[in-house]
Amino acid sequence: MKIILLGAPGSGKGTLAKKISRDFDIPQISTGDLFRAIVKEDSPLAHKVKYIMSSGGLVPDEMTVELVKDRLSKSDCKKGFILDGFPRTVAQAEALETISKIDTVILVELANEIIIERLSSRRTCPNCSEIYSTEDNPEEVCKKCNTPLIQRDDDKPETIKHRLEVYETNTSPLINFYSDRLFKVSSAGSPDETYRPVKTFLEKLEAKN
Ligand SMILES: [Zn+2]
C-alpha cells in the first residue's frame, strides 16, 4: 500500500505514521530523514545536496524527487510505504505520479486552536532533550536529569501560528490534487482513537488490492 500522510505540525501525524508502519509492515519515509542520511554518503547527489544545505539554500524539487525515487526503489518498499513530508508542492506530486501510483492520501485534521494549545504546553529539557507537557510536569524540571525545562522557539504560539499558515498555503493545492483518493481523519481524540478508523480503512483497501 502506497500512502501519503498530510497533516499540520502538532496534528499527531508522526504518531499515526508509526502505528501504520508497524501494523502494515511498510516503512515510514520522511524527506527530513532522507536529507540527514544522504549527507553522510559519498555520491554526486550527496555532494550537491550538502553544498546547497551548507549554503542555506532550498533543495530544488528535482533533487528531492530524485532522492525519494531512489529511496522508493529499495527492496523494503516493495509492499508499499508511507510518505511523510513529501510531496510538499503540486509539482512534486506530479513528479511522484510518474514514479509510483499512490493508493491513498490520509489527511490528519485538527483545529488550529488545539494544535496551538498542545504545542505551546510542550517543554524540552535543554540537557537531555526529553519532552514534557506542562500538564504532566507542572514543576517544569526534567525528571531524568533535574535540569529546568525550556520552551523551544518552535513551540511558542507566534511561531506555531506562522508554521500553520505555511502548512495551509502549501497543503491546500495538494488536497485538491489528491481529492480522488483522500481519507480524512480527526486527531482530536487520543492517538488510538485517531488510528482506529484509519486502520479499518486501510484493511479494506488492502483487501481490495
Ligand atoms: Zn533532562
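A residue counts as buried if 20 or more other C-beta atoms lie within 10 Å of its own, as exposed if 12 or fewer do, and as partly exposed in between, with C-beta atoms placed from the backbone. This is a predicted model, in which local features need pLDDT of at least 70, side-chain atom pairs count only at pLDDT 80 or more, and totals for chains, interfaces and linings use all residues. Residues are numbered from 1 along each chain as its sequence is written. Helices (H or I, at least four residues) and strands (E, at least two) are DSSP runs, numbered from the N terminus.

The buried residues of helix H8 are Thr194, Tyr195, Val198 and Leu202. Their cover includes helix H1 (13-24), strand E4 (104-109) and strand E7 (182-186). The expected span of a helix is 1.5 Å times one less than its number of residues. For the 18 residues of H8 (residues 191-208) this gives 26 Å, which agrees with the 26 Å between its end C-alpha atoms.

Two strands pair if DSSP finds at least two bridges between them. An open sheet of five strands has the order E2-E3-E1-E4-E7, with parallel pairing. Strand E2 (28-30) and E7 stand at the edges with a single partner strand each, so one side of each has no neighbour in the sheet. On average, neighbouring strands of this sheet are turned by 25° against each other, direction ignored. H8 packs on the sheet, touching E4 and E7, and its direction makes about 160° with that of E7. Axes are lines fitted to C-alpha atoms, for helices over the stretch in contact, and angles run from 0 to 180 degrees between N-to-C directions.

In strand E1 (residues 2-7), five of the six residues are buried. Its pairings are listed below.

A nonpolar core is a set of buried Ala, Val, Leu, Ile, Met, Phe, Trp, Tyr and Cys residues joined through C-beta atoms within 7 Å. The largest has 27 residues, of which Leu5, Leu6, Ile82, Leu83 and Ile106 touch the most other members. E1, H1, helix H4 (61-72), E3, E4 and H8 each supply at least two residues of this core. Two residues are in contact if their C-beta atoms, placed from the backbone, lie within 7 Å. Leaving aside neighbours within four places in sequence, the contacts of Ile82 include Ile3, Leu5, Ala17 and Ile20.

Leu164 lies in helix H7 (residues 157-177). Leu164 is partly exposed, because 18 other C-beta atoms lie within 10 Å.
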